[in-house]
Amino acid sequence: MKNWTIKKRIVAGFATILVLVAALTVTSYVLLRQAKDAAHFMTVDAMPGLDAMSKINGAVGAIQINVLRDLMAKTPEEHKKYREVIMAARENTLKLMGNYESSITTSEDRELFGKLKEARDQYVAVRNQLLDLIDAGKMDEAQQFNAASLRPAFEKYDQLVDQELTLNLNNGNQETEQTVKATDRAMSFILGISVIVMIFGIVIATIITGGLNKVLRKLALSLDDGSNQTASAAGQVSAASQSLAEGASEQASSLEETSASLEETASMTKRNAENARQANDFAKQAREAAD
(Lines give C-alpha, C1' and ligand atoms only; values in the text may rest on other atoms or scores of the structure.)
Protein backbone atom coordinates (compact mmCIF):
# COMPACT_ATOMS: atom_id res chain seq x y z
CA MET A 1 0.00 0.00 0.00
CA LYS A 2 3.00 2.33 0.32
CA ASN A 3 3.09 2.87 -3.43
CA TRP A 4 -0.68 3.13 -3.86
CA THR A 5 -2.19 6.24 -5.34
CA ILE A 6 -4.77 8.33 -3.51
CA LYS A 7 -7.49 6.88 -5.74
CA LYS A 8 -6.51 3.29 -4.91
CA ARG A 9 -6.45 4.02 -1.20
CA ILE A 10 -9.93 5.59 -1.21
CA VAL A 11 -11.40 2.85 -3.43
CA ALA A 12 -9.90 0.08 -1.28
CA GLY A 13 -11.15 1.67 1.94
CA PHE A 14 -14.72 2.18 0.78
CA ALA A 15 -14.80 -1.24 -0.92
CA THR A 16 -13.87 -2.92 2.37
CA ILE A 17 -16.56 -1.03 4.25
CA LEU A 18 -19.14 -1.85 1.57
CA VAL A 19 -18.24 -5.57 1.75
CA LEU A 20 -18.73 -5.53 5.53
CA VAL A 21 -22.04 -3.68 5.20
CA ALA A 22 -23.17 -6.19 2.53
CA ALA A 23 -22.26 -9.09 4.84
CA LEU A 24 -24.17 -7.41 7.65
CA THR A 25 -27.20 -6.92 5.40
CA VAL A 26 -27.27 -10.50 4.07
CA THR A 27 -26.75 -12.15 7.44
CA SER A 28 -29.27 -9.89 9.14
CA TYR A 29 -31.79 -10.73 6.42
CA VAL A 30 -31.24 -14.47 6.88
CA LEU A 31 -31.53 -14.32 10.67
CA LEU A 32 -34.53 -12.01 10.63
CA ARG A 33 -36.15 -14.22 7.97
CA GLN A 34 -35.80 -17.17 10.35
CA ALA A 35 -37.49 -15.15 13.07
CA LYS A 36 -40.19 -14.12 10.60
CA ASP A 37 -40.77 -17.73 9.51
CA ALA A 38 -41.06 -18.82 13.12
CA ALA A 39 -43.49 -15.99 13.84
CA HIS A 40 -45.42 -16.86 10.67
CA PHE A 41 -45.69 -20.49 11.80
CA MET A 42 -46.98 -19.28 15.14
CA THR A 43 -49.56 -17.12 13.38
CA VAL A 44 -50.85 -19.57 10.76
CA ASP A 45 -50.35 -22.93 12.51
CA ALA A 46 -49.40 -23.14 16.17
CA MET A 47 -51.64 -20.45 17.66
CA PRO A 48 -54.73 -21.14 15.46
CA GLY A 49 -54.21 -24.86 16.01
CA LEU A 50 -53.89 -24.43 19.74
CA ASP A 51 -57.01 -22.27 19.83
CA ALA A 52 -59.02 -24.64 17.61
CA MET A 53 -57.91 -27.77 19.46
CA SER A 54 -58.78 -26.16 22.81
CA LYS A 55 -62.27 -25.48 21.49
CA ILE A 56 -62.51 -29.00 20.06
CA ASN A 57 -61.44 -30.44 23.40
CA GLY A 58 -64.14 -28.46 25.15
CA ALA A 59 -66.75 -29.38 22.54
CA VAL A 60 -65.91 -33.10 22.72
CA GLY A 61 -66.18 -33.04 26.51
CA ALA A 62 -69.48 -31.15 26.29
CA ILE A 63 -70.89 -33.73 23.87
CA GLN A 64 -69.98 -36.60 26.16
CA ILE A 65 -71.46 -34.82 29.18
CA ASN A 66 -74.72 -34.24 27.34
CA VAL A 67 -74.75 -37.87 26.16
CA LEU A 68 -74.54 -38.92 29.80
CA ARG A 69 -77.26 -36.41 30.68
CA ASP A 70 -79.40 -37.86 27.92
CA LEU A 71 -78.71 -41.30 29.37
CA MET A 72 -79.86 -40.08 32.80
CA ALA A 73 -82.87 -38.08 31.55
CA LYS A 74 -86.31 -39.05 32.80
CA THR A 75 -88.64 -37.22 30.44
CA PRO A 76 -88.96 -36.94 26.63
CA GLU A 77 -88.44 -33.20 26.91
CA GLU A 78 -85.09 -33.68 28.62
CA HIS A 79 -84.05 -36.25 26.01
CA LYS A 80 -84.98 -33.79 23.23
CA LYS A 81 -83.12 -30.91 24.88
CA TYR A 82 -79.92 -32.88 25.36
CA ARG A 83 -80.16 -34.37 21.88
CA GLU A 84 -80.37 -30.88 20.37
CA VAL A 85 -77.35 -29.78 22.40
CA ILE A 86 -75.44 -32.88 21.23
CA MET A 87 -76.25 -32.22 17.56
CA ALA A 88 -75.32 -28.55 17.80
CA ALA A 89 -72.06 -29.40 19.55
CA ARG A 90 -71.35 -32.04 16.89
CA GLU A 91 -71.82 -29.51 14.06
CA ASN A 92 -69.56 -27.07 15.85
CA THR A 93 -66.92 -29.78 16.37
CA LEU A 94 -66.99 -30.76 12.69
CA LYS A 95 -66.56 -27.10 11.70
CA LEU A 96 -63.66 -26.62 14.13
CA MET A 97 -61.96 -29.79 12.88
CA GLY A 98 -62.36 -28.67 9.27
CA ASN A 99 -60.76 -25.31 10.08
CA TYR A 100 -58.00 -27.02 12.01
CA GLU A 101 -57.23 -29.45 9.19
CA SER A 102 -56.84 -26.57 6.73
CA SER A 103 -54.23 -24.95 9.00
CA ILE A 104 -51.99 -28.04 9.32
CA THR A 105 -48.49 -27.50 7.91
CA THR A 106 -46.42 -30.35 9.38
CA SER A 107 -46.44 -34.06 8.57
CA GLU A 108 -46.45 -35.01 12.25
CA ASP A 109 -49.57 -32.95 12.90
CA ARG A 110 -51.30 -34.33 9.79
CA GLU A 111 -50.57 -37.92 10.80
CA LEU A 112 -51.86 -37.41 14.33
CA PHE A 113 -54.94 -35.62 13.04
CA GLY A 114 -55.68 -38.61 10.79
CA LYS A 115 -55.69 -40.85 13.86
CA LEU A 116 -57.92 -38.32 15.61
CA LYS A 117 -60.48 -38.44 12.79
CA GLU A 118 -60.54 -42.22 12.93
CA ALA A 119 -61.11 -42.13 16.69
CA ARG A 120 -63.84 -39.52 16.20
CA ASP A 121 -65.63 -41.67 13.63
CA GLN A 122 -65.45 -44.68 15.94
CA TYR A 123 -66.74 -42.62 18.85
CA VAL A 124 -69.59 -41.17 16.75
CA ALA A 125 -70.59 -44.68 15.60
CA VAL A 126 -70.63 -46.02 19.17
CA ARG A 127 -72.41 -42.90 20.42
CA ASN A 128 -75.17 -43.32 17.83
CA GLN A 129 -75.65 -46.90 18.94
CA LEU A 130 -76.04 -45.67 22.53
CA LEU A 131 -78.55 -43.02 21.47
CA ASP A 132 -80.52 -45.63 19.56
CA LEU A 133 -80.70 -47.77 22.72
CA ILE A 134 -81.91 -44.70 24.65
CA ASP A 135 -84.53 -43.96 21.98
CA ALA A 136 -85.66 -47.61 22.22
CA GLY A 137 -86.05 -47.29 26.00
CA LYS A 138 -83.44 -49.95 26.69
CA MET A 139 -81.88 -48.05 29.53
CA ASP A 140 -80.17 -50.99 31.22
CA GLU A 141 -78.54 -52.07 27.97
CA ALA A 142 -77.62 -48.45 27.33
CA GLN A 143 -75.93 -48.21 30.73
CA GLN A 144 -73.94 -51.37 30.06
CA PHE A 145 -73.09 -50.25 26.50
CA ASN A 146 -71.89 -46.92 27.82
CA ALA A 147 -69.51 -48.56 30.28
CA ALA A 148 -68.31 -51.25 27.87
CA SER A 149 -68.07 -49.39 24.55
CA LEU A 150 -68.80 -45.66 24.63
CA ARG A 151 -66.51 -44.75 27.49
CA PRO A 152 -63.41 -46.50 25.97
CA ALA A 153 -64.17 -44.93 22.58
CA PHE A 154 -64.52 -41.50 24.18
CA GLU A 155 -61.34 -41.92 26.22
CA LYS A 156 -59.39 -42.85 23.06
CA TYR A 157 -60.93 -39.90 21.21
CA ASP A 158 -60.29 -37.52 24.09
CA GLN A 159 -56.71 -38.81 24.49
CA LEU A 160 -55.93 -38.02 20.84
CA VAL A 161 -57.49 -34.57 21.27
CA ASP A 162 -55.18 -34.04 24.25
CA GLN A 163 -52.19 -35.22 22.16
CA GLU A 164 -53.10 -32.73 19.44
CA LEU A 165 -53.44 -30.03 22.06
CA THR A 166 -50.06 -30.95 23.54
CA LEU A 167 -48.48 -31.06 20.07
CA ASN A 168 -49.69 -27.56 19.22
CA LEU A 169 -48.62 -26.29 22.62
CA ASN A 170 -45.15 -27.79 22.15
CA ASN A 171 -44.95 -26.39 18.61
CA GLY A 172 -45.92 -22.99 19.91
CA ASN A 173 -43.29 -23.15 22.64
CA GLN A 174 -40.63 -24.38 20.21
CA GLU A 175 -41.39 -21.71 17.66
CA THR A 176 -41.44 -19.06 20.35
CA GLU A 177 -38.05 -20.30 21.53
CA GLN A 178 -36.77 -20.36 17.94
CA THR A 179 -38.04 -16.82 17.41
CA VAL A 180 -36.30 -15.63 20.55
CA LYS A 181 -33.07 -17.42 19.58
CA ALA A 182 -33.17 -16.11 16.02
CA THR A 183 -33.82 -12.61 17.28
CA ASP A 184 -30.97 -12.90 19.80
CA ARG A 185 -28.62 -14.19 17.10
CA ALA A 186 -29.66 -11.39 14.78
CA MET A 187 -29.15 -8.76 17.47
CA SER A 188 -25.78 -10.21 18.49
CA PHE A 189 -24.58 -10.49 14.91
CA ILE A 190 -25.79 -7.04 13.94
CA LEU A 191 -24.13 -5.56 17.02
CA GLY A 192 -20.90 -7.49 16.40
CA ILE A 193 -20.70 -6.61 12.71
CA SER A 194 -21.58 -3.00 13.48
CA VAL A 195 -18.69 -2.83 15.95
CA ILE A 196 -16.38 -4.47 13.40
CA VAL A 197 -17.52 -2.03 10.72
CA MET A 198 -16.85 0.88 13.08
CA ILE A 199 -13.40 -0.46 13.97
CA PHE A 200 -12.55 -1.16 10.35
CA GLY A 201 -13.86 2.26 9.39
CA ILE A 202 -11.63 3.92 11.98
CA VAL A 203 -8.61 1.82 10.97
CA ILE A 204 -9.16 2.36 7.26
CA ALA A 205 -9.78 6.07 7.78
CA THR A 206 -6.56 6.27 9.80
CA ILE A 207 -4.62 4.38 7.13
CA ILE A 208 -6.08 6.44 4.31
CA THR A 209 -5.54 9.70 6.22
CA GLY A 210 -1.97 8.74 7.09
CA GLY A 211 -1.30 7.71 3.51
CA LEU A 212 -2.83 10.88 2.16
CA ASN A 213 -0.79 12.94 4.62
CA LYS A 214 2.39 11.23 3.44
CA VAL A 215 1.49 11.68 -0.20
CA LEU A 216 0.48 15.30 0.33
CA ARG A 217 3.62 15.93 2.41
CA LYS A 218 5.77 14.53 -0.38
CA LEU A 219 3.82 16.60 -2.88
CA ALA A 220 4.29 19.72 -0.74
CA LEU A 221 8.02 19.03 -0.43
CA SER A 222 8.22 18.46 -4.17
CA LEU A 223 6.34 21.70 -4.83
CA ASP A 224 8.57 23.50 -2.33
CA ASP A 225 11.69 22.18 -4.08
CA GLY A 226 10.22 23.17 -7.43
CA SER A 227 9.40 26.59 -6.06
CA ASN A 228 12.94 27.00 -4.76
CA GLN A 229 14.38 25.87 -8.07
CA THR A 230 12.05 28.23 -9.89
CA ALA A 231 13.06 31.09 -7.61
CA SER A 232 16.72 30.26 -8.17
CA ALA A 233 16.23 30.10 -11.92
CA ALA A 234 14.30 33.35 -11.78
CA GLY A 235 17.23 34.92 -9.90
CA GLN A 236 19.63 33.63 -12.49
CA VAL A 237 17.42 34.92 -15.28
CA SER A 238 17.18 38.27 -13.49
CA ALA A 239 20.98 38.44 -13.15
CA ALA A 240 21.40 37.49 -16.78
CA SER A 241 18.84 40.09 -17.79
CA GLN A 242 20.65 42.73 -15.74
CA SER A 243 23.98 41.70 -17.30
CA LEU A 244 22.43 41.88 -20.76
CA ALA A 245 20.97 45.28 -19.91
CA GLU A 246 24.39 46.52 -18.78
CA GLY A 247 25.99 45.08 -21.92
CA ALA A 248 23.35 46.70 -24.07
CA SER A 249 23.95 50.02 -22.29
CA GLU A 250 27.69 49.73 -22.86
CA GLN A 251 27.11 48.84 -26.50
CA ALA A 252 24.81 51.84 -26.84
CA SER A 253 27.54 54.09 -25.40
CA SER A 254 30.06 52.57 -27.78
CA LEU A 255 27.72 53.10 -30.67
CA GLU A 256 27.28 56.71 -29.63
CA GLU A 257 31.03 57.19 -29.43
CA THR A 258 31.49 55.46 -32.78
CA SER A 259 28.79 57.61 -34.29
CA ALA A 260 30.47 60.75 -32.96
CA SER A 261 33.84 59.58 -34.32
CA LEU A 262 32.25 58.85 -37.68
CA GLU A 263 30.66 62.28 -37.72
CA GLU A 264 33.98 63.90 -36.81
CA THR A 265 35.73 61.85 -39.47
CA ALA A 266 33.11 62.83 -42.02
CA SER A 267 33.56 66.46 -41.06
CA MET A 268 37.34 66.24 -41.37
CA THR A 269 36.94 64.45 -44.70
CA LYS A 270 34.70 67.19 -45.88
CA ARG A 271 37.21 69.90 -44.78
CA ASN A 272 40.02 68.01 -46.42
CA ALA A 273 38.02 67.74 -49.63
CA GLU A 274 37.35 71.49 -49.45
CA ASN A 275 41.01 72.22 -48.83
CA ALA A 276 41.94 69.97 -51.76
CA ARG A 277 39.46 71.74 -53.99
CA GLN A 278 40.84 75.08 -52.92
CA ALA A 279 44.39 73.87 -53.58
CA ASN A 280 43.37 72.70 -57.05
CA ASP A 281 41.77 76.03 -57.75
CA PHE A 282 44.91 77.81 -56.57
CA ALA A 283 47.09 75.60 -58.67
CA LYS A 284 44.92 76.22 -61.70
CA GLN A 285 45.09 79.95 -61.16
CA ALA A 286 48.83 79.70 -60.79
CA ARG A 287 49.14 77.88 -64.15
CA GLU A 288 46.92 80.33 -65.84
CA ALA A 289 49.08 83.20 -64.50
CA ALA A 290 52.24 81.50 -65.66
CA ASP A 291 50.87 81.17 -69.15
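The model is predicted. The protein has four helices and zero strands. Read from the N terminus, its elements run α-α-α-α. The chain has 291 residues, and 26% of them count as buried. Take the contacts between residues at least 6 apart in sequence: 79% of these join residues at least 24 apart.

Start with one pair of helices. Two packed helices are described by the angle between their axes and the distance between the axes. Helix H2 covers residues 76-102, and helix H3 covers residues 107-135. They pack at an angle of about 165°, and their axes lie 13 Å apart. Angles over 145 degrees count as roughly antiparallel, so H2 and H3 are roughly antiparallel to each other. The crossing of H2 past H3 is left-handed.

Which residues of H2 and H3 meet? From H2 come His79, Arg83, Ile86, Arg90, Leu94, Met97, Tyr100 and Glu101. From H3 come Asp109, Arg110, Phe113, Leu116, Lys117, Arg120, Val124, Arg127, Leu131, Ile134 and Asp135. By type, the residues of this contact divide into nine nonpolar, one polar and nine charged.

Is His79 buried or exposed? Its relative accessible area is 18%. Buried means under 20%, so His79 is buried. Leaving aside neighbours within four places in sequence, His79 is in contact with Asp70, Ala73 and Ile134. Ile134 is also among the H3 residues that meet H2.

Now turn to the core. In soluble globular proteins, nonpolar side chains tend to be buried together. Here the largest nonpolar core has 32 residues. Those with the most contacts inside it are Ile56, Leu116, Tyr123, Leu130 and Tyr157. Which elements give two or more residues to this core? They are helix H1 (6-72), H2, H3 and helix H4 (139-290). H3 gives the most, with ten residues.

Leu130 has its own set of partners. Leaving aside neighbours within four places in sequence, Leu130 is in contact with Val67, Leu71, Ala142, Phe145, Asn146 and Leu150.

Finish at Met187, in helix H4. Is Met187 buried or exposed? Its relative accessible area is 55%. Exposed means over 50%, so Met187 is exposed. Met187 and Leu32 are 155 residues apart in sequence. In space, their C-alpha atoms are 9.3 Å apart.

How values were computed: Residues numbered from 1 in each chain as written. Predicted model: local features only at pLDDT ≥ 70, side-chain atom pairs only at ≥ 80, totals over all residues. Heavy atoms only, no water. Axes fitted to C-alpha atoms, helices over the stretch in contact; angles between N-to-C directions. Parallel < 35°, antiparallel > 145°, perpendicular 65-115°, else oblique. Left-handed = near helix turned anticlockwise from the far one by under 90°. Contact = heavy atoms within 4.5 Å. Nonpolar A, V, L, I, M, F, W, Y, C, P; charged D, E, K, R; others polar. Core = buried A, V, L, I, M, F, W, Y, C linked by side-chain atoms within 4.5 Å. Buried < 20%, exposed > 50% of the residue type's maximum accessible area, 1.4 Å probe, protein only.
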